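Me: Walk me through this one, please. Keep it brisk.

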Protein chains: 2
Amino acid sequence: MSKGQLSINLATTRGSWGFAEAVDGCLRHDITAIAPWRDQVEAIGLKEAARIVETNKLRVTGLCRGGMFPAADEAGRQTNIDDNKRAIDEAVALNADCLVLVVGGLPGSSKDIVDARKQVTDGIAAILPYARENNMKLAIEPLHPMYAADRVCVNTLSHALDICVELGQGVGVAIDVYHVWWDPQLAEQIARAGQMGAIYAHHICDWLVPTKDLLLDRGMMGDGVIDLPGIRAMIEAAGFHGPQEVEIFSQDNWWKKPGDEVLQTCMTRFKTVC
Amino acid sequence: MSKGQLSINLATTRGSWGFAEAVDGCLRHDITAIAPWRDQVEAIGLKEAARIVETNKLRVTGLCRGGMFPAADEAGRQTNIDDNKRAIDEAVALNADCLVLVVGGLPGSSKDIVDARKQVTDGIAAILPYARENNMKLAIEPLHPMYAADRVCVNTLSHALDICVELGQGVGVAIDVYHVWWDPQLAEQIARAGQMGAIYAHHICDWLVPTKDLLLDRGMMGDGVIDLPGIRAMIEAAGFHGPQEVEIFSQDNWWKKPGDEVLQTCMTRFKTVC
């Protein structure tokens with residue numbers, strides 16, 4: 001079985017390019033799959049972004065991002081639900097494979113992670129009928145436990161899949177190697193996700209040693225310690241053969257380099273170490 | 001059931017004090033339980049450290065640290081095993097409750113975390129007979145997954161307890177809230193640890209938002225998001241009523257303050273938020 005396609009999450013070239021420039025860059029390198037962020041889409045306008053996608057026959061491997069459900073009060077939670085419905089509309093307009101959910105952490109001054117997790121499940125449940133009506137898949141992305149407080153309180157694939165089981169059809173997972181590589185249950189949970197038909201996306205980058213910043217110091221594939229071919233083999237064995245989407249937040253390194261150099265490096269590493 | 005005793009891990013006052021000064025400081029504040037680090041013991045000499053402990057009837061809630069088992073080759077692994085046996089000797093001389101094991105991460109340029117984990121289990125197995133002969137308990141401390149690469153590849157309580165089951169009597173866990181607070185399996189795994197009689201230590205501090213450094217930005221109890229009374233209740237319900245040991249690495253904050261101020265704050269927070 002040959003390796004799947006390469007997709008570029010447009011966070012990776014955020015240092016140089018907005019939506020249109022990033023698409024032009026990808027096309028120069030014969031890359032035809034992308035995953036944009038909502039702010040990048042908004043900057044150019046949804047209609048124009050959708051036109052660019054359609055004209056160039058791009059595959060959109062995901063729209064980043066919905067989620068951020070927990071809030072300190074009911075009004076805040078409703079605001080978040082409404083925003084997620086708009087994100088579903090945008091994902092539909094872009095013909096995205098899925099809307100990636102970065103589900104949110106502890107709201108306000110809360111120390112109650114159990115309650116935050118309940119708010120997340122309730123929030124996804126609230127938008128799921130709308131997502132189903134619009135045939136848009138929701139991909140819960142479990143984030144590394146170091147983001148449990150301020151970004152995402154769903155921190156293992158196991159937990160994300162439990163939510164999928166609870167909520168049913170239309171909810172799956174985005175598996176990002178950066179967030180899950182350390183998990184001793186990784187192999188069994190990827191296999192479980194495959195059996196559920198719940199793998200909607202496969203994100204790649206690398207974990208650097210040392211890691212200097214909790215959010216913005218992700219590594220290029222091959223520069224860190226993640227066994228990328230090993231995890232790819234698990235995901236392929238679980239039945240997912242979609243694109244591997246490169247998503248690198250790198251304030252002090254890759255975001256400072258020219259976009260074409262970043263893309264060229266992604267392509268080379270994709271061929272050699274992924 | 002009243003709250004257990006307060007213990008001070010001497011990393012907490014590392015900014016101001018060596019072993020003897022830290023003990024004097026603790027005694028000034030009527031704190032009679034400590035947990036020193038091996039470098040602090042070495043600096044004053046093991047005999048003198050043991051004399052100070054005995055003279056002042058101090059409880060030593062743990063010696064930090066053994067572990068760091070994985071190595072790139074067999075000679076390196078043997079060196080690590082030998083060093084761990086010396087650490088057991090030191091823990092015995094100090095009459096410590098346990099030797100805390102910070103087990104190690106990926107050796108050399110390895111990307112094979114499964115193998116690193118096997119090396120950890122093999123390493124503990126290699127020192128366990130010696131620990132048993134000397135009646136010294138070994139406390140595996142699962143560390144937060146953000147340390148999986150460079151410090152500790154045992155990152156959940158569940159995984160640590162699996163190792164305890166495999167190796168048998170004399171191996172348990174040190175539960176540090178900083179490392180486990182995010183775990184969706186926390187309640188069930190603490191209960192399991194209690195049933196096994198495997199809780200050897202209970203460490204406290206707090207998770208700050210934002211966290212500015214992966215290693216040296218731990219918070220004082222009450223300054224972060226961890227539900228300290230909630231986790232304490234789980235640990236007490238599991239049958240452990242030993243001291244709560246304050247262990248704070250804080251390069252830019254608490255390590256810059258006078259030791260007496262740090263201890264006074266620990267005592268106040270211990271009474272009010274733990």
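Me: How do helices H6 and H8 of chain A cross?
Reply: At roughly 20°, and their axes come within 9 Å. H6(A) covers residues 157-167 and H8(A) residues 186-196. That makes H6(A) roughly parallel to H8(A). On terms: angles under 35 degrees count as roughly parallel, over 145 as roughly antiparallel, 65 to 115 as roughly perpendicular, and the rest as oblique. Axes are lines fitted to C-alpha atoms, for helices over the stretch in contact, and angles run from 0 to 180 degrees between N-to-C directions.

Me: What am I looking at, and how is it numbered?
Reply: It is a predicted model: local features need pLDDT of at least 70, side-chain atom pairs count only at pLDDT 80 or more, and totals for chains, interfaces and linings use all residues. Residues are numbered from 1 along each chain as its sequence is written, chains are lettered from A and ligands numbered from 1 in the order written, and side-chain values use heavy atoms, with hydrogens and water left out.

Me: And what counts as a helix or strand?
Reply: Both are DSSP runs, numbered from the N terminus: helices are H or I with at least four residues, strands are E with at least two.

Me: Back to H6(A) and H8(A). Left-handed or right-handed crossing?
Reply: Left-handed. That term applies if the near helix is turned anticlockwise from the far one by less than a right angle; clockwise is right-handed.

Me: Which residues make the contact?
Reply: H6(A) brings Leu157(A), Ser158(A), Leu161(A), Asp162(A), Cys164(A) and Val165(A). H8(A) answers with Leu186(A), Gln189(A), Ile190(A), Arg192(A), Ala193(A) and Met196(A). Contact means heavy atoms within 4.5 Å. By class, there are eight nonpolar, two polar and two charged residues. Ala, Val, Leu, Ile, Met, Phe, Trp, Tyr, Cys and Pro count as nonpolar; Asp, Glu, Lys and Arg as charged; the others, Gly among them, as polar.

Me: What about H4 and H5 of chain A?
Reply: H4(A), residues 74-93, packs on H5(A), residues 113-133, at about 40°, with axes 10 Å apart. That makes the pair oblique. Their crossing is right-handed. The touching residues of H4(A) include Arg77(A), Ile81(A) and Asp89(A); those of H5(A) include Ala126(A) and Tyr130(A).

Me: Over to chain B. What is the angle between H5(B) and H6(B)?
Reply: Roughly 50°, with the axes coming within 11 Å. H5(B) is therefore oblique to H6(B). This crossing is right-handed. Among the contact residues are Arg117(B) and Leu128(B) of H5(B), and His159(B) and Glu166(B) of H6(B). The contact holds five nonpolar, two polar and three charged residues.

Me: Which peptide bond in chain A is cis?
Reply: Val209(A) to Pro210(A), with omega near 0°. Pro210(A) lies in the loop between S8 and H9 of chain A. In chain B, Val209(B) and Pro210(B) are joined by a cis bond, with omega about -5°.

Me: What is phi of Lys57(A)?
Reply: Near 50°, a positive value in a residue other than glycine. Lys57(A) lies in the loop between H3 and S3 of chain A.
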